[in-house]
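Hi everyone, thanks for coming.

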Amino acid sequence: MSFKTIPFLLLSILILFSCGQQESKVITVNGAIPASEIGKTLHHEHLLVDFIGADSTGYHRWNKNEVVEKVLPYLLEIKKLGYKTLVECTPEYLGRDPELLKLLSDKSGIQIITNVGYYSAVNAKFLPQHAFTQTARQMADLWIEQAQNGIEGTGIYPGFIKIAVERAPLKEINKKVVEAACITHKATGLTIMSHTGPAVPAFQQFEILKEYGVHPSAFIWTHSNNEKDNNKHLEAAKLGAWIAFDKFTPDNQDEFVDFALFMKKHGLLGKLLFSHDGGWYKPGEPNGGDFYGFTGIEELLIPALLEKGLTQPDIHQLFVQNPSEAFKVGKRLLKE
Ligand SMILES: [Zn+2]
C-alpha cells in the first residue's frame, strides 16, 4: 500500500461510518429523512381535528384551501422560532388528512410527520365499525398496509403509530388497539404514541408490549402528566418508555418545569417529551374555530427551564435529540 492511499482509505472508512450513522430515518409527509435532520421538533400537535365521529367524518367535511389559509400562519410562526418539524397526531377517523399536511408542509417549509392507528378513547366514538369485529391481527394488517404502500394511494407514508385508550383500566377494545399497535411496530419499526393519561392504563399497556416482545422504548406514554405520582413516571422511564407531558399552557408551566428538574435529577431527561397538544382547525365551526398556537413552549417554557437551571444542551436534548430518538424508525424488541 502506498503512503498516498492511506488518507483515501481513512476517508472511505469515515464515509462508511457516517453512512452507518445515517441509517436511522424519520418519515415525514415528504418522505424519509435522516433522523439527525429532524431539528427542533414539536412532538405532539394537531393541525385539524374533526370530532364528529367515525361514522360521519371524511374529507368532504373541510375545504383544504380554507384550512391552509387558517393554519399556515401558525406554522410560519414556529418556523421563525427555529422549529423544523411538527408531529401531527390526529389519527384516521378523527380528521387525519395526509394531502392537507403535505400541502401545509410544502407551503411552510416545516417537516410534518403523520401517523397510522386508531383512537379508542371516548367510548370508541372514533373507531370505524370494522374495529369492533376485527381481530388485532386484521386491524394491524390495515395499518401495516399503509406503512408499506402509503396512505390511500397518496404516496404519503405514516411516520408513527397513534393510538388512544381510555383514561381508566383498559377495556377489551382498548387492548385490541394496543395489540394491533404492537403487531404493527414489529412489522414496521414505527413508534407507538398512546394517548393514555394515568399510570394504570399505561402499565397495563407495558404488559401487552411485553407479551408481544416489544420494548417500552417503542412507546410514548402520552398525557402522562395526568398521573400525579412521579414515582410511576420514574418507573416507566427506567423501563425505557418515553414520558410525555402534554397540553402545555402558562397555567401548568410550574408543573412542567418541576418535572423537568425531577427527571434531570434522576438522569432521565433523555426520556422526556413536552408538547402543547395544540391547534387545531375544527370543521363545522366558523373559520375553523379557535386555534391554540404552538409558541408557548418557546416563549414561556424554555426561558423558565433555563432560569431554573436547565442548560442549553438540556434544551437541545428535549426538543431535538429526544424527538429524533423517539420517532426514528426501528424495531425495539425485548431480548428473547
Ligand atoms: Zn393530541
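So, which protein donors does the zinc ion have? They're His44 (NE2), His46 (NE2) and Asp277 (OD), lying 2.1 to 2.2 Å from the zinc ion. Donors here are N, O and S atoms within 2.8 Å of the metal (3.2 Å for Na, K and Ca), and water is not among the atoms, so sites may look incomplete. Along the chain, the donors follow the spacing H-x1-H-x230-D.

Quick housekeeping: this is a predicted model, where local features need pLDDT of at least 70 and side-chain atom pairs count only at pLDDT 80 or more, while totals for chains, interfaces and linings use all residues. Residues are numbered from 1 along each chain as its sequence is written, and side-chain values use heavy atoms, with hydrogens and water left out.

Back to the site. Histidine 44 and histidine 46 are both buried, meaning under 20% relative accessible area, with exposed over 50% and partly exposed in between (1.4 Å probe, protein chains only). Histidine 223 is buried too, at a relative accessible area of 5%. You'll find histidine 223 in the loop between β9 (219-222) and α9 (230-239); helices (H or I, at least four residues) and strands (E, at least two) are DSSP runs, numbered from the N terminus.
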